Amino acid sequence: MSGKVDLKGKDILHGNQFSKEEVVAILNVASELENELKNRNSLDILKGKLLATLFFEPSTRTRLSFEAAMARLGGSVISMASAESSSAAKGETVADTARTVDQYADVIVIRHPRIGSAKEAADAATVPVLNAGDGAGQHPTQALLDIYTIQKEIGRLDNLNIALVGDLKNGRTVHALVEVLSLYKPKFLFVSPAVLRMPEEIILNLRNKGIDVSETEDLKKASSECDLIYMTRIQKERFSDMSEYERVKGFYVINDDFIRGLTKKLVILHPLPRVDEISTGVDSYAGAAYFRQVRNGVFVRMALLSMVLGKR
Ligand code: NCD
């Protein structure tokens, strides 16, 4: 690993916080750990260390993959699985909760419905805090596992034509992913209904970095122009007006017909859960990589936990 990169004690909060050297180092450590796990079920890199997972919003993959990652590294986990079961239900602030858990654990993973909440937790805690999703804000560990998957599926990261499709307004995975990918000179095509466009601030920020960004409502354009489609769920829980959700739900669907119409192989990723935007018939398509993407989450989160705890 490059001598310059040291994530010990660092928080992981935002897709824009990484240098390219750091991303490369994280991907390399993930790959090393994936290899080390080929012949054994677990390692002892984080033996004696304790991870606390604080989930104030629903989660299947993010929480379980962090917990699996910690267990595979020989560490242990304490978990607060719902807001209702914690003192948040009594009105405790995120900062006080983080300060409390800081007394118990060596590293904290937090998901919360409010933008900026992970930063508040990180400011209150002395141990590293990893943002597992702050409302419609950021989801940086997902971005890293997405990039690890792209590298494995396509064989490179530089100069890719990438379509991001669906709820670009509320999707925190895409907000984080474009930040990290912008280190690799991509060409982005943002595909969304007009009401769910990528926030203007993110687009401006990308253009300022010299990234080529275009926008369309037309999914067909993505299949003809891009190497990769990153599909997302319309984020129902972020709509204040349910009639607006009803208007845009089901806007894009990748189904067997769509796959049959492809003229070249396309890699399809999705952070999951899917609702109806990718039909199950597509799962057997060679480019459908979303369940491999799920598995990669464990290796990337192992890398992050080891690195922020100074063990890699
Ligand atoms: C995503 C999330 O929670 O932001 N899921 C995940 O972490 N894999 C995407 C979503 O909920 O649509």
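Is Asn159 buried or exposed? In this predicted model, local features need pLDDT of at least 70, side-chain atom pairs count only at pLDDT 80 or more, and totals for chains, interfaces and linings use all residues. Residues are numbered from 1 along each chain as its sequence is written, and side-chain values use heavy atoms, with hydrogens and water left out. Asn159 is exposed, with a relative accessible area of 51%. Buried means under 20% relative accessible area, exposed over 50%, and partly exposed in between (1.4 Å probe, protein chains only). Asn159 is placed in the loop between helix 5 (140-154) and strand 5. Helices (H or I, at least four residues) and strands (E, at least two) are DSSP runs, numbered from the N terminus. The phi angle of Asn159 is near 55°, which is a positive value in a residue other than glycine.

Leu272 also has a positive phi, near 60°, and is likewise a residue other than glycine. Leu272 is found in the loop between strand 9 and helix 11, and this residue is buried, with a relative accessible area of 10%. The peptide bond that runs from Leu272 to Pro273 is cis, with omega near 5°. Pro273 lies in the loop between strand 9 (267-269) and helix 11 (290-308).

Leu272 and Pro273 are among the residues that surround the ligand. A residue is near a molecule or strand if one of its heavy atoms lies within 4 Å of it. By class, this shell holds three nonpolar, five polar and three charged residues. Here Ala, Val, Leu, Ile, Met, Phe, Trp, Tyr, Cys and Pro count as nonpolar, Asp, Glu, Lys and Arg as charged, and the others, Gly among them, as polar.

A backbone N or O atom of Leu272 is 2.9 Å from a nitrogen atom of the ligand. An N or O atom in the side chain of His139 lies 2.8 Å from an oxygen atom of the ligand. For Gln235, a polar side-chain atom is found 2.8 Å from an oxygen atom of the ligand. The protein covers 93% of the 320 Å² of accessible area that the ligand has on its own. Accessible areas come from the Shrake-Rupley method with a 1.4 Å probe; for residues, only the protein chains shown count as cover.

Thr53 is buried, with a relative accessible area of 0%. The side chains of Thr53 and Glu67 are joined by a polar contact of 2.7 Å. A polar contact is a pair of N or O atoms within 3.5 Å; within protein, one must be able to donate a hydrogen and the other to accept it, and residues adjacent in sequence count only if both atoms are side-chain atoms.

Ile162 belongs to strand 5 (residues 161-165) and counts as buried at 0% relative accessibility. Between Ile162 and Val267 there are 105 residues of separation in sequence and 9.8 Å in space, C-alpha to C-alpha. Ile259 is located in helix 10 (residues 256-260) and, at 16% relative accessibility, counts as buried. Ile259 and Gly281 are 22 residues apart along the chain, and their C-alpha atoms are separated by 9.7 Å.
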